[in-house]
Structures are given as C-alpha cells and as structure tokens.
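Let's take a walk through this structure together. Have the picture open while you read, and look for each piece as it comes up.

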Number of protein chains: 2
Amino acid sequence: MSEYITHDRSGRSVGRVEKKYFTFAEPPNEMALDSGRRLGPITIAYETMGRLNADKSNVVLVLHALTGDSHVAGHYSETDDKPGWWDNMVGPGKGIDTDKYFVVCSNVLGGCMGSTGPASTHPATGAPYGLSFPMVTIGDMVRAQKALLDYLGIKRILSMTGGSMGGMQVLQWCIQYPEMVLSAIPLATTMRHSALAIAFNEVARQAIIADPNWNNGDYYDGPRPNVGLSVARMIGHVTYLSDDALRQKFGRRLQDRDNFSFNFDSDFQVESYLRHQGAKFVERFDANSFLYITKAADYFDLTQQSGQSSAVDVFLKASARFLVISFTSDWLYPTYQSRDMVKAMKKRGLDVSFCEIEAEWGHDAFLLPNERLANLIKGFIDSVYERME
Amino acid sequence: MSEYITHDRSGRSVGRVEKKYFTFAEPPNEMALDSGRRLGPITIAYETMGRLNADKSNVVLVLHALTGDSHVAGHYSETDDKPGWWDNMVGPGKGIDTDKYFVVCSNVLGGCMGSTGPASTHPATGAPYGLSFPMVTIGDMVRAQKALLDYLGIKRILSMTGGSMGGMQVLQWCIQYPEMVLSAIPLATTMRHSALAIAFNEVARQAIIADPNWNNGDYYDGPRPNVGLSVARMIGHVTYLSDDALRQKFGRRLQDRDNFSFNFDSDFQVESYLRHQGAKFVERFDANSFLYITKAADYFDLTQQSGQSSAVDVFLKASARFLVISFTSDWLYPTYQSRDMVKAMKKRGLDVSFCEIEAEWGHDAFLLPNERLANLIKGFIDSVYERME
C-alpha cells in the first residue's frame, strides 16, 4: 500500500515517502460539520510509512499539531534534506517502529498542506474559499480522518498518538469512534483548551486580522498578510518554549555585536530567533488556516461536547488503553491538565498509565528527541500489540 | 509644597492632587544619555502627595511600571472618578501613608504622560521627535528623576518602591545614587530582563512596527498605529495574568451567547476582555513610547552595567536597607529572580528582607489590593523612619 520508507537504523536511505490524496464528500454527499454547515468535496493529504500487515492490525495513527502536516517522517527523495516533523520518533527501529507498524499521518481538515482548507478552491465560485470556508472543529477533523481510514480499509487502530492539538484529536477519536481505537497516547495536551491558551491564540489571530493585507481573508490574488502571520507565529514560539528554555538557549546574548544598538534592530539573539521563525513560517503557512485551526483548538472541550455534566463522564464511551504524557516545563498545557484527564479516565475504570517527563524545553518538548519519550511510546505500543496477538 | 490629597480613611474626599512639570537640561546643558547621545530640554511630569517635613526626611519615591504615569493615587478634582494607578496603596492611613510621608511619583523619561518622550516636540525641528528621539535606559530615567529631586531640594529618600519596571528603577537608584537611598522595596522585578521577557516585548514591538500606520514612527499628523499598539497591549495583558488567574477570571465562559459563533467574533469572555484592553489602551498611550520603554526594560541588566563580573558584585556600592517582594503566580518575573537578587544583596552584607506573597493574579498582583503587601510595605517604611529619628 505504501512506498517504503526513509532511513534504516544505520542512517542509510532505504526508500521514500510520498504525499497522497484522498477525496470524498463529493456533492451532494457533503460532510456534515459540527457547526451545522456542510462541506464537500473534501481532500485529505496523507502519508504512510511501513507495511500494513495482512489482518490490518498494525496501524499507528499519528496526529499533527497546529502547524504540522502529513509529512511525519522520512524524505520525499534522495535529494530532500529535510525530513518530516517527527523523524526522531517515527522510522525503522525508532519509538514508533516502521519495521513493525504501519504509520498513517494526514493533514487536518482546514489546513493548508494538501487537505481542504480556506485556501482551497470553492467549487461553487472557482475562487479560494477565504472566510466563506466553514468553521471546523476537532470533531470535524477526526470525522474526515475516519473517512480516510475507511477508504484505506482500516477498521481498528492499534495505537494513535499526537501532541498538543494532535493530542486533542487523539482524545476526540477515543470518544467519537471508541470501537476503532485500541490504544491512545495523548501528549502535552488537554481535555479543554484553557483561558490562557485561548488568550494567546486570540492575540495571534488579532495580529493577522490587524494586517491590512489580510483583507477580511480575501488575499489570495494579492499581497499576503505576512507581517501579521509572522507576529502570530512569534507569539506561538514564545509559548512553545519556557522561561528556562529561553534562558538556556539565548539568555541575554547579543546578536553579532558587543554592544547595544540603541535602535530597534535585533539586539538580542532571542529577538532575531523570533523574527527568523516568523519570516520562515509565512513561506509555508496560510494565514486563514492559522485562524481556522486555532479556533478549532479554542473550541475544543471534551466535557462540553460529550454532553456530560462532569469531566468524569467524558470517557463514558471510551475503551482504549491510554498512556498520558506531560512535560514538566510545558506551561501551555501544564501537567495538571493531564492529571485531570487521567483522573477522569481512572474514574471510568479505563486502563491508563501516566508519566510526567522532566524536560526543560517547554511545550515543544514533545517534538524534540527524547529517549525516555521514545522508550515509553515504544514499550506501550509493543505491549498493546503483543496483548492483541 | 503640595496640594493635599485624596480620600481620608472614611473615603471622604479631602483634597486633590495636581500634575506638575519640571524642565531642565536646557541646551547647551543637555543631559548625557547612556547611549552617548545628549537630550534637552527635558520635562518631567510629577505629582506629590502628603507634606514634606521640615528636615525633608519623609520622602517616599514611587516608580511606575511600563504604562503607568505620575498619577499614583488620588483624584485630580471632585468630579474625577478615576483615581491614580496605586490608589489602594498610597493615601492617608494606607500602606504608604500620606499622613506621614511625602510621596513623589514622576512619569519616566521616554514616556507619554507629560514627560519628554518620542511624541514631544523636537526643539530643532518643531515637529515630534518620533524615531529621532534617542534611546533611553533605566539609568537615564533615574538620572532625570534625580534632577527632579535636586530641584525639589531632596537629598535623601526615606524609601522608594515600584513593581516590574518600577522595581528596575528602584534597583538602579540604589547603585547609581546609593548615598541618597535609605531603603528600597523592589516588587515583582528582576536584576536583569530575562529572555522570556525580552521575547514578549519584542513580539509586542513587532506588532506595532507591522502596522502600516506606524510609518517608521512618523504618524503624529496622520492615522495612528492603533491596531498594532492594541495587539501589543493584548500580548502584555496575557503575560500580566497567569494560567490560574485567567481560569478563575474567565475560564471558558462565553460572551453573550449560549453557543459558539462559528466565526471570528469574540466567542469567549477572555477574548473580549483582551480586545477591550487593547482598545482602551490606544486612547491613552503613544506607540513610540511603548517601543522606547520596552527597549529600556530589555536593556536592563544590573550585572552588566555595574561593570562587575558577577551578580554578587552588583550591589557593591549599594547601602540601602531592602525589602524584596515577589508573587507566587508571577511568571514574567518569577520568584527565583527575586531570590537571586536577595542572594546578591546578602553576599554584600546588606540588610535585606525577602517575602514571596501567595497570590493568584500573576505579575499584576503587585498592583492589586493586598492587605499583606500593604502591611509589609507599611511596616518596613515605618521601621526605617523610626530608626532614622
């Protein structure tokens, strides 16, 4: 089913990954969204790694965070020098071992990396959707992914994992399609987006909306709201790190100088780092997608959407085995939010393990190479797989 | 010397405060700045409360934070319904008791509340300075304040206090004019602006600079960079609160609705709060001043400017008695930064007390009514005063 892979354990390139597309919900069979609106056709970009076994029992679904994409690991070609976003975790012999497991990763609905989103062409007008794109939720993203898995003929998912907004999708899967999910590993995430997280997202959105080039979302044939999107990304980057991480990575070190500039140039390395991150981001990301996806995260609240009165009842329908992981220095989705999740799972009698990993790098820690994280994920998925066999 | 005051203990209005101006550094006697440039004339707006005693030994200097001003407490008139920014602390019988002490508060150099700043008229051109205004440092701010105190005939300061950037000025005073400072109360502050604090300031500055109306600082005769300044303020507001504070104050409560809007309106109360704070701020603050003052804070590093190789030697020249106060939920200037300060003071054999106040409201806690804070400050100033007599 998929091209094989990336690098083997010695680092030798042994194959390639390929971005593929699945289109469904062709009118008049549009997908019904949580907002009550309908959307179609929908294309989902996805990539797979490893080999699907005969009984399709070795599927691991990886869910990306806010600005991620389907390119989870490996390279597109021998000359492609930038691997996917979680290459340290996914590959032959790695934490998610593509020698054993069939990994599926798709770009979220509303995204701009191949899946249908606000930059896609509105079939009725022939022009990009812009703000006429309907608001999507984490539930809608999962619904679209489910259609992809149906198409791939996958009925049960051995394990699924993702950090941050990827973790929200993991949790959503477990209550939306509980019969399909054998095990789940939510990383650095939450059952409900906090006021702090909403606040940062809202400021980032306002930075985009403040850019005159944003033009109420209608900018695809003109200059792009790059300055606004760049500021939005800078805000994000500060929240992904931590006080400690920033101190260790940059401290008060100056940029290319021994003295202060006494003007508004970048004096400090942390300033040029942020400006660089902002500038890089606008080359690969669509401002409207940023607005839609952050809003989907802000809307995320398992308590509310489960129609249950208390957090305890959220996991009423879930049956997966869980490994919940948080990181000590993550102040965007702090450990107490993972503990709340674990408490609710335990009250429902679910099989749940919890681990808080000592990490200095803030919320970003889930993306960085971490032997402990890789071992925990590997051990957990292997044990679920062995128990199943 | 000053008009008397505000409200007495029963809340009755018993007088008024008045904004006054002191101008100095008239050319050719401009003030030399840390950048090497010269600036003059300089006007400093200031207010006083209480009565200066005969031997001028009852002076308490209050230093404001980033967006504060000289209007520390009291009302300008009987119909003025908005008291100064620290009215809960400063007044008759309050933590800083204007029945006993003569309180002086001035607007910082570079500000926009009456003191000379980038919005002031450049004497050479007759137009506002804009970006031709020289960069100022915390040291320059203190230098200008010193000129004001000289003018007022004040040679010794019984006590001085301020939070955040006000606290930086307090520390700066203690090493720049150590012979004048009997005691000092730095609140929620730091010896050196951290990478995290610089990062947030830089993102806020970039939001202003991204606004086309900013026009390289030259906007005084046209539309103002209000959208950029508003986003900058929103960023600030998130950092002044805390995860806990935002959860308690707003949680995920919706604004005027039972359901999500499924558009980009304010769904959550925290969103409208931030938008409101941004909109209010642009009415009273100058965008260029925001740029200059945040940069001054970013440059602040007592270790570096003291020319000493280690933090321990920072307070080599200081002789004040210190009360250092931090707040548990302040993640912009966390307690460890106050502890570092206290450690350095102790190593120099200074008389220093330290208190970490349990407070839920993040960095903003120093501004909010807090009986413990008021009692600590009152007790400390009284004891210094009594010891002196």
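## Two helices side by side in chain B

In this predicted model, α3(B) passes α4(B) in a right-handed crossing. Handedness works like this: a crossing is right-handed if the near helix is turned clockwise from the far one by less than a right angle, and left-handed if anticlockwise. Helices here are DSSP runs of H or I with at least four residues, strands are runs of E with at least two, and both are numbered from the N terminus.

Two packed helices are described by the angle between their axes and the distance between the axes. The axes of α3 (residues 195-210) and α4 (residues 226-240) of chain B come within 7 Å and cross at roughly 165°. Axes are lines fitted to C-alpha atoms, for helices over the stretch in contact, and the angles run from 0 to 180 degrees between N-to-C directions. So α3(B) is roughly antiparallel to α4(B) (over 145 degrees counts as roughly antiparallel, under 35 as roughly parallel, 65 to 115 as roughly perpendicular and the rest as oblique).

Who does the touching? On α3(B), the contact residues include B:Phe200, B:Val203 and B:Ile208, and on α4(B) they include B:Leu229, B:Ile235 and B:Thr239. Two residues are in contact if their C-beta atoms, placed from the backbone, lie within 7 Å. By class, this contact has 10 nonpolar, 3 polar and no charged residues. Nonpolar covers Ala, Val, Leu, Ile, Met, Phe, Trp, Tyr, Cys and Pro; charged covers Asp, Glu, Lys and Arg; the others, Gly among them, are polar.

## The pair in chain A

Now find α3(A) and α4(A), which pack at an angle of about 165° with their axes 7 Å apart. They are therefore roughly antiparallel to each other, and α3(A) passes α4(A) in a right-handed crossing. Among the residues making the contact are A:Phe200 and A:Ala204 of α3(A), with A:Val231 and A:Gly236 of α4(A).

## Where the chains meet

How many residues of chain A are in contact with chain B? There are 42, and they meet 44 residues of chain B. On the chain A side, α3, α4, α5 (243-249), α6 (269-284) and α7 (287-299) each supply at least two residues. The biggest giver is α3(A), with 11 residues. Sorted by class, the side of chain A that touches chain B has 27 nonpolar, 6 polar and 9 charged residues.

## Domains of chain A

Chain A is split into domain 1 (20-192 + 302-388) and domain 2 (200-294), with bounds from an automatic or database domain assignment. Their centres, taken over C-alpha atoms, are 26 Å apart. Domain 1 puts 23 residues into the contact and domain 2 puts in 18.

Most residues other than glycine have a negative phi, and most peptide bonds are trans. A cis peptide bond joins A:Pro27 and A:Pro28, with omega about 10°, and A:Pro28 sits in the loop between β1 (20-24) and β2 (31-32) of chain A. The bond from B:Gly40 to B:Pro41 is also cis, with omega near -5°. A:Ala188 has a positive phi, near 45°, and lies in the loop between β10 (183-187) and α3 of chain A.

The model scores ipTM 0.91 and pTM 0.93. Chain A averages a pLDDT of 93, and 94% of its residues score at least 70; pLDDT is the predictor's confidence in each residue, from 0 to 100. Over residues 1-5 of chain A, the pLDDT is below 50.

Residues are numbered from 1 along each chain as its sequence is written, while chains are lettered from A and ligands numbered from 1 in the order in which they are written. As the model is predicted, local features need pLDDT of at least 70 and side-chain atom pairs count only at pLDDT 80 or more, but totals for chains, interfaces and linings use all residues.
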